[in-house]
Amino acid sequence: MPSFVRDLVTRLRRRGLPLGVDDCAALRTALAAGHGLDSPAKLRALCVTLWAKSPRDAELINATMHLVRLPDWPTADTPSPSKPADVALGKRAAQTAPDIDAPTAAPAPEQVEEELTVVVPPRRAGPAEPPHSGMPSPFLVVRPQYPVAERDVAQIWRRLRRPVRRGPLTEVDVDATVDRFARTGLAEGPVLMPRRVNAARLLLLVDRDGSMAPYHGFVDHVVGSVVRAGRLDDITVAYFRNTPGRSRDRSALASLPDTLAADLDPILDRVPPMNTGRVYRDPEMLTSWPVADLLSGVTPATVVAAISDAGALRGAFVTTRLFDTVAFALSVLRRGARLAWLNPVDPDRWPGTTAGQIARHVPMFPLTRAGMYSAVDALRGHPVPLERPL
């Protein structure tokens with residue numbers, strides 16, 4: 001492979017685009033067929049066509065190719081006949097104007113080079129030119145790199161399924177057909193039933209501001225990737241500060257034998273489900289949304305994923321925060337929905353904090369690739385061992 005391809009693939013792999021040998025071979029085949037040789041812009045368009053699976057991938061490829069030294073492809077319209085050919089593509093070589101000293105006879109087939117060879121002209125001496133005034137420079141591309149790429153996030157959350165039969169009767173119900181024939185003895189044709197569809201409804205609850213401020217970019221990246229994946233029946237995103245709502249009745253806290261206790265185990269069965277408070281529809285938390293209205297849309301087909309550090313970043317434990325979180329979790333679980341928690345802070349920092357206590361009652365996983373796989377499995381119904389499940 002030419003050096004620019006190795007440089008390009010290395011940069012893209014570091015940025016989370018999993019290119020392999022087959023992708024490089026596809027590019028080589030396309031170049032050998034004469035595609036992408038007119039200009040660097042055509043080459044960029046070719047790479048986007050071959051490698052991009054989403055608009056974000058296309059943006060990443062375009063941005064990265066501005067950082068790579070691309071060859072100056074010759075064309076049949078090259079005005080200078082003495083200019084050396086930059087590309088030799090073997091039997092499918094791009095046609096260039098002949099050298100005045102070159103022989104007119106065509107080379108023998110066995111002498112034609114099969115490998116793709118690219119000669120990159122040397123850089124001009126002297127200092128680099130500054131960007132044009134008022135115009136963005138393609139070499140000053142700043143793109144955040146997150147621990148989990150958008151493609152990985154989309155693939156993980158596409159596994160979230162709640163299959164139900166819905167719609168027109170298009171599939172044969174073999175058991176019902178055989179049962180009817182056994183009861184009546186009459187062949188009346190097959191019994192039909194609707195096909196299976198994914199009826200999973202996802203509710204994403206995102207903690208905002210405070211100790212979550214350092215994770216805003218990563219969390220927005222994850223939430224946006226899940227929403228853009230678009231494989232679920234319905235996706236709702238709501239934002240909150242510290243807890244999704246606030247309990248009006250905290251009288252059970254007065255029954256704790258130790259007011260500084262680090263758990264709610266003595267009163268866990270007396271925590272009332274929450275139906276008050278408010279969340280927000282936007283990340284700026286300008287448009288409020290009553291928790292009662294939010295919970296009214298939670299059904300057994302709903303899965304709820306909360307993203308919050310739950311005090312783990314600051315190493316804090318707040319009894320009222322734990323109480324309100326447990327009350328909200330009870331409201332979700334008693335409606336037949338499933339709940340999982342994603343924490344951007346390393347699990348080693350959970351013990352002794354509110355997060356550590358929540359993890360005793362609700363499945364909690366780190367906001368990593370492996371953690372999201374486990375969270376999706378829990379939301380699909382896989383059992384998760386908990387110390388004190390609700």
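Helix α7 is mostly covered in this predicted model. Of its 14 residues, 10 are buried. The helix runs from residue 216 to residue 229. From first C-alpha to last, α7 reaches 20 Å, close to the 20 Å expected at 1.5 Å a residue.

Which residues of α7 are buried? They are His216, Phe218, Val219, His221, Val222, Val223, Gly224, Ser225, Val226 and Ala229. These buried residues pack against two helices, α5 (150-157) and α11 (369-379). They also pack against the strands β5 (201-207), β6 (234-240) and β9 (302-307).

Val219 leads on to the nonpolar cores. It is among the residues with the most contacts inside the largest core, which has 70 residues. Trp157, Leu202, Leu205, Leu264, Leu342 and Met372 share that standing. Helix α9 (residues 319-333) gives this core its largest share, eight residues. In soluble globular proteins, nonpolar side chains tend to be buried together.

Now turn to helix α4, residues 55-65. Its buried residues are Asp57, Ala58, Leu60, Ile61, Ala63, Thr64 and Met65. What covers them includes α1 (3-14), α3 (40-51) and α5.

Take Thr64 in α4. Why does Thr64 count as buried? Its relative accessibility is 1%, and buried means under 20%, so Thr64 qualifies. What is Thr64 in contact with, leaving aside its neighbours within four places in sequence? The contacts are Leu8, Arg11, Leu12 and Arg15.

Definitions and conventions: Residues numbered from 1 in each chain as written. Predicted model: local features only at pLDDT ≥ 70, side-chain atom pairs only at ≥ 80, totals over all residues. Heavy atoms only, no water. Helix = DSSP H or I, 4+ residues; strand = E, 2+ residues; numbered from the N terminus. Buried < 20%, exposed > 50% of the residue type's maximum accessible area, 1.4 Å probe, protein only. Contact = heavy atoms within 4.5 Å. Expected span 1.5 Å × (residues − 1). Core = buried A, V, L, I, M, F, W, Y, C linked by side-chain atoms within 4.5 Å.
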